[in-house]
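Colleague: Please take me through this model one part at a time, and start with how its elements are assigned.

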Amino acid sequence: MAGNRAGKKQVAKNIFNRDQHCNVIIAATMSAGKTSLINALLGNDLLFSANEAATATLTRINHKRNLRQRIEGVSYNQQGDCHERSDNVQSATLRQWNDHQAVKYIELNCRIDSLRKTAKPLMIYDTPGPNNSQDTSHKNLLEKALSLPGEKLLVYVLNATQLATQDDKQLLQEIKNSPALAAGNQIIFILNKVDQLDEERGETIEIFLEKTRKYLEGMGYLRPVIIPAMMQTSLIAKKVLSRKSITRNQKHRLQAELERFRENKFSLNEASYIPLNIKRQVRAELKKSQPGNVRPDRFDKSELTQFIAYSGIRTLEIFLSQHN
């Protein structure tokens, strides 16, 4: 029994030492949509928005192809001891673990259907966003994730409706100065919530992408990769495809975005700052045939599949699948 406990503790203490994997680190300030991005990758509302949470918890998601419907999870304390295990993690489980003062690390095993084929096994890290300048625990956990051994890909989420806030500038500067990212590890920027821009007031996607590019280059990020996205709406579309229930407000939101999608389904992909080969791959998916007479009061499977490619989440999935 003692040997079994020692083994569990050793596994917990080695939670960050897997350099044979590609470590994908998700970072953002509050309200940028980091949780929506991860949930959109997973295709369900597993993670909850923790803007109000006082604890600093780092969550790692292991992509396991052999798992289907269930999600396994373990929570750990600061010393690396197991706090609690679950063979069927739900959103309520994660909320309970995040709210517990003793829990500092969470590890989840699940199958991400959109990432079935990847160049390397993926480890996705959900880092806590900074909640105030006095709390250094969030910053320490982010730095710990950035210092992981092996290859790293940083996915930084920007809020299109609150670009260049002071918190955002500070976090971007800290990441830029981190020696852990000085060895050629790639950074991808997600310009989230572009569906909330007001085109009638001149807030076009082209203008905002150019504004974002200038902002990032002014922070020292030259030739940034920028993906315009609407992660919350992406998640709604994925839930409909997998026959999960959605609210009336979510249905109306998706219907409104589908109307704009039908007007020009290539607009976000054409405006994005991404490598040409990925832009061409997304365009090919957008060009696939779909029914000509789509009823506005019903969701069509093939149209929703194209909408997911349009919404930005598919572009990120291609990046993650091809990254090596």
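Modeller: Helices (H or I, at least four residues) and strands (E, at least two) are DSSP runs numbered from the N terminus. The model is predicted, with local features taken at pLDDT of at least 70, side-chain atom pairs at 80 or more, and totals from all residues. Residues count from 1 along each chain, and side-chain values use heavy atoms, without hydrogens and water.

Colleague: How many helices and strands does the protein have, and what percentage of its residues count as buried?

Modeller: The secondary structure consists of twelve helices and nine strands. A residue is buried under 20% relative accessible area, exposed over 50% and partly exposed in between (1.4 Å probe, protein chains only). Among the 324 residues, the buried share is 51%.

Colleague: Which residues does leucine 37 touch, beyond those up to four places away in sequence?

Modeller: A contact has heavy atoms within 4.5 Å. Of contacts with a separation of 6 or more, 78% link residues 24 or more positions apart. Leucine 37 touches Ile26, Val155, Val157, Ile190, Met231, Ile313 and Leu316.

Colleague: Is aspartate 126 buried or exposed?

Modeller: Aspartate 126 sits in strand E6, residues 122–126. Apart from its neighbours within four places, it is in contact with Ile26, Lys34, Ile38, Leu47, Thr57, Leu58 and Thr59. Because its relative accessibility is 10%, aspartate 126 counts as buried.

Colleague: Which element gives the largest share of the lining of the largest pocket?

Modeller: On a 1 Å grid over the protein atoms alone, a pocket is an open set of points with protein on both sides within 12 Å along at least five of seven lines, a cavity is a set where a 1.4 Å probe fits but cannot get out, and lining residues have an atom within 4 Å of a point. The largest pocket has 33 lining residues, with Leu41, Leu42, Gly43, Asp113 and Ser114 nearest its centre. At least two lining residues come from each of helix H2 (34–42), helix H7 (231–241), H11 and helix H12 (313–322). The largest share, four residues, is supplied by H11.

Colleague: Which elements give two or more residues to the lining of the largest cavity?

Modeller: The largest cavity is lined by Ile227, Pro228, Leu268, Asn269, Ser272, Ala309, Tyr310, Gly312 and Thr315. Two or more of these residues come from each of strand E9 (225–228), helix H9 (267–271) and helix H11 (301–310).

Colleague: Why is H11 largely enclosed, and how many of its ten residues are buried?

Modeller: The buried residues of H11 are Glu303, Leu304, Gln306, Phe307, Ile308, Ala309 and Tyr310. Their cover includes H7, helix H8 (248–263), H9, helix H10 (276–286) and H12. H11 is largely enclosed by the rest of the structure because the number of its ten residues that are buried is seven.

Colleague: Which glycine follows H11, and what is its phi?

Modeller: H11 is followed by glycine 312. The phi of glycine 312 is positive, near 105°.

Colleague: In which loop is lysine 193 found?

Modeller: Most residues other than glycine have a negative phi. Lysine 193 has a positive value, near 65°. Lysine 193 is found in the loop between strand E8 (186–192) and helix H6 (205–218).

Colleague: Is arginine 243 buried or exposed?

Modeller: Arginine 243 is not a glycine, yet its phi is positive, about 65°. It is placed in the loop between H7 and H8. Because its relative accessibility is 80%, arginine 243 counts as exposed.
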